[in-house]
Amino acid sequence: MRLLRSYVAFLLRATLLSFTGSWRFYAWMTVLTLIAAAGAFAYARQLEQGLAITGMTDQVSWGAYIANFTYLVGVAAAAVMLVIPAYIYRNKDMHDVVLFGELLAIAAIIMSLLFVVVDLGRPDRFWHLIPRLGVFNFPGSMLSWDVIVLNGYLALNLHICGYLLFMKYMNRKPTLAFYMPFVVVAIAWAVSIHTVTAFLYVGLVGRPFWNTAIVAPRFLGSAFTAGPGILIIAFQVIRRLTHYEISDRAIHMLRNIVTVSLLVNLFLLACEAFKEFYSASLHNSSARYLFFGLHGHDALVPWIWAAIGMELVAAVVLIVPPLARRISFLNVACVLSIVGIWIEKGMGLIVPGFVPTPLGNIVEYAPSLNEAMVCVGIWAFGLLLFSWMLHIAIPIMSGEFRHETAETRA
Amino acid sequence: MTEEPREESKEMSPKGIEVPRRNFLKAGFGTMAAIAALAGVSAPLASLTKGFTSVDAFLQQHYKRLTSDDLDQILRRLEAEIARDYGARVHVNDVRPMDGVEYGYALNLSRCNGSRRCVEACVKENNQTRDPQMQYIKVLEMSNGSLDVEKSDHYYDVPEVPREGKYYLPVQCHQCKNPPCTKVCPVQATWTEPDGITVIDYNWCIGCRYCMAACPYEARRFNFSKPEIPAEEINPDMAYLGNRIRPAGVVEKCTFCIHRTRRGRYPACMEACPTGARIFGNLLDPNSEINYILKNKRVYILKEEAGTIPRFYYYFDV
């Protein structure tokens, strides 16, 4: 009962803390709120006029929304790269930052769920997906698997982060049984969210570009590059703006993860390119469209080569010793791989799956302004969520924000 | 990794969190800005509420879970909605499959001349949206000597058909025995009926378009906005799972003209064909014309390697 009262007090104080901060914090949150609101406005317009105001067509029936969804599922899955060393190998440096990785996962999952919702033609019928209330096509549809794994992963991370933060706030030692089993499940679950998302595409017989076993491994390779890359950048910001200690060793470890994953990702891309082009079957037309253009249509060509270029430069920066040692170069490499992989997932994977169509029709796709606004709005909202969670979590982690009666940390 | 000098920031007090008054004022301004922005959002939302969906429509259950009373009420509601939105008096019926019937379609590639009369008839019969016009049937102009659809022209615009050196391949829903589209639907809004026709409950579809990505025949279309059909062009004889005017934001498809064929008539595309290239019939009847063709003609199945087992067959005279 006392614990419950403390918990309510915790929530109230955390809410107050949400509205407390430097002018920079206010400026940042206000800008994000305004961008998110502009996105909400664009979405309202889409609800009113239908998906006709997107760039999507019957031929290219998924676009920027599903591309961003796929990318963000990867970002969420990447938390596992911090979770394994922190909880399983008890790495001290990772232990200090693992929570931030899990908070990023929470923000990323919420963003990816939002991207699915804005992609629905009839969001008012979302309840049809709720088992029992609606009709759930399980286990037949990979999309229903995705609903389960994404929401399950969200719940797992909310529980782990919420529990550990509250314990820290109370200055109590967390009970292993209350979080460790969930951590172990979350590790396997993290892999499953990106695998299931890959299987959404792999399972489609009419789309040879996706109908290949390498999609899931490629997804994991790219996710474990982009996710830790985002965290490295976030950690630099945290180090600059707060007193929270993030050791160089933690960043160094993440750098190693980014390096290996990026090399694996490039290797898998090369494997795919070899399979598509060496055999030169009729089934490689999507790949030809993506890399070289097809029958005069080449909207994606500059994008994919830019993505490959960015990833290659990032790889060089990460593995050539004099460059690799400098933090500023590491940041450049991270930004390049974050953007490069975002292009690879969207323009490089989702869109070419639809071009040409199974009947050989070439219709190119570019997101409309309204569609882009919705995307930017969701990203702003996600950043807002992540900043807000960090704003509360960091003072808890550093011991500045704690229960009145909790004893001061040694 | 070398240690880079870090800039220590002075923003946050290192000891505990205080909540000064000033911050509440700042919070107030931030919140006001957010509320003002959200008020802007509500403008298009307000116009949205009228005519978008009713409580009954929102709560409507899956077709297969409806009692006949439920269904009756829904059919009357749909008629009222169409009268309100399109100014047309129509009948929406629930037409059930006949016993002992499994439909099959055969198309004579030697005869099809690419006139696209089937396409026109289909649009009229099935109440597809006219702006831009939605078509269930695609006629591909193919070059002689190749069955590669990638070398086809979807939008041929020529004064006279057939053109020299070309043949024509009309493609519509193949009503597969192993349909990839129904398998992927997360809410079972689409399924195959006992007579072999794959249907969609247009009031259950959530509009995720996964079925469109799954279909190797591009047989599914999406209502990107509310369908537009002039009142005088509306075909008033409608079926719930068939040609009724579909809501915005859902996927729709060819149903072999369920509202006609389940009452013993031919599909509109077959009746419209000027060359007799189209043959429709009951696969379970050994004496049907379609069975004669399957037994005696050279039959080609489009994308047979996809394993979808279509009920739509192409054949050649020679």
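Helix H3(B) has a well-covered set of residues: B:Leu71, B:Ile74, B:Leu75, B:Arg77, B:Leu78, B:Glu79, B:Ile82 and B:Tyr86 are buried, where buried means under 20% relative accessible area, exposed over 50% and partly exposed in between (1.4 Å probe, protein chains only). This is a predicted model, in which local features need pLDDT of at least 70, side-chain atom pairs count only at pLDDT 80 or more, and totals for chains, interfaces and linings use all residues. Residues are numbered from 1 along each chain as its sequence is written, chains are lettered from A and ligands numbered from 1 in the order in which they are written, and side-chain values use heavy atoms, with hydrogens and water left out.

Back to H3(B). Its buried residues pack against helix H2 (55-59), strand S1 (91-93) and strand S8 (237-239) of chain B; contact here means heavy atoms within 4.5 Å. Helices (H or I, at least four residues) and strands (E, at least two) are DSSP runs, numbered from the N terminus. H3(B) covers residues 68-86, and its 19 residues reach 26 Å from first C-alpha to last, close to the 27 Å expected at 1.5 Å a residue. That expected span is 1.5 Å times one less than the number of residues. Just after the helix, B:Gly87 takes a positive phi of about 65°.

Now for the strands. In chain B, four of them form an open sheet with mixed pairing, in the order S10-S2-S12-S11. Strands S10 (278-282) and S11 (298-300) of chain B are at the edges with a single partner strand each, so one side of each has no neighbour in the sheet. From one strand to the next, the twist averages 30°. Two strands count as paired if DSSP finds at least two bridges between them.

| Pair | Bridges | Residues standing opposite |
|---|---|---|
| S2 (103-108) and S10 | five | B:Ala106 and B:Ile279 |
| S3 (138-143) and S4 | six | B:Leu140 and B:Leu169 |

Strand S4 (166-171) of chain B is mostly covered, with five of its six residues buried.

A:Thr357 sits in the loop between helix H13 (327-350) and helix H14 (369-397) of chain A. Because its relative accessibility is 4%, A:Thr357 counts as buried. Its side chain makes a polar contact (N or O atoms within 3.5 Å; within protein, one must be able to donate a hydrogen and the other to accept it, and residues adjacent in sequence count only if both atoms are side-chain atoms) with the side chain of B:Glu218, at 2.4 Å. Leaving aside neighbours within four places in sequence, A:Thr357 is in contact with A:Gln59, A:Arg207 and B:Glu218.

Conventions: Axes fitted to C-alpha atoms, helices over the stretch in contact; angles between N-to-C directions.
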